[in-house]
Amino acid sequence: MKAAVLHGKMDLRVEEVNKPTIGPEDVLVAVKAVGICGSDLHLYRGTWTIETPRIIGHEMTGEVVEVGEKVSGWRGVQGSQSSPWSAAGNATGAKRTP
Ligand SMILES: [Zn+2]
């Protein structure tokens, strides 16, 4: 899969990365579209710092393509997520769309 990986100030590269593995309470979302947040610009411009290399971006929409063993009712669901700086992490703010 491809991801935008920040390597340092104004050094953002679209690269092939391994597909994330999910835990029992996680879902894996195939990203369909993204937005660029002001925080992404701060990270890109180096006015905010973050450990690199790092996949940035957190405002996206997509489809749930895998669910952990403890997750039910989310496979195939399309929705949006906003979770600060987590490529594979907490999906706070995730919402299902009709
Ligand atoms: Zn944002």
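**Strand β2.** I started with burial in β2: of its 6 residues, the number buried is 0, so β2 lies largely in the open. For burial I count other C-beta atoms within 10 Å of a residue's own, with C-beta atoms placed from the backbone: 20 or more is buried, 12 or fewer is exposed, and in between is partly exposed. Strands here are DSSP runs of E, at least two residues, and helices are runs of H or I, at least four residues, numbered from the N terminus.

**Ground rules.** This is a predicted model, where local features need pLDDT of at least 70, side-chain atom pairs count only at pLDDT 80 or more, and totals for chains, interfaces and linings use all residues. Numbering runs from 1 along each chain as its sequence is written.

**Confidence.** I checked pLDDT next (the predictor's confidence in each residue, from 0 to 100). The protein chain averages 80, and 78% of the residues score at least 70. Strand β2 has the highest confidence, at 95, while β7 (residues 95-96) has the lowest, at a mean of 49. Over residues 84-98 pLDDT stays under 50, and the model has 25 contacts for them beyond four places in sequence. A contact here means two C-beta atoms, placed from the backbone, within 7 Å.

Which sense do β1 and β2 pair in, parallel or antiparallel? They pair antiparallel, over 6 bridges; pairing takes at least two DSSP bridges between the strands. The two strands form a hairpin with 2 residues between them. I found M10 in that turn, in the loop between β1 (2-8) and β2 (11-16). Its phi is near 55°, a positive value in a residue other than glycine. M10 is exposed, because I get 9 other C-beta atoms within 10 Å.

**V5.** This residue lies in strand β1, and its bridge partner in β2 is R13. Is V5 buried, exposed or partly exposed? V5 counts as partly exposed, because it has 18 C-beta neighbours inside 10 Å. Leaving aside neighbours within four places in sequence, I listed its contacts as R13, E15, V17, P53, R54 and I55. I also looked up V5 against R54: they are 49 residues apart along the chain, yet their C-alpha atoms are separated by 5.4 Å.

**P53.** The peptide bond joining T52 and P53 is cis, with omega about 0°. P53 sits in the loop between α1 (38-45) and β4 (54-55).
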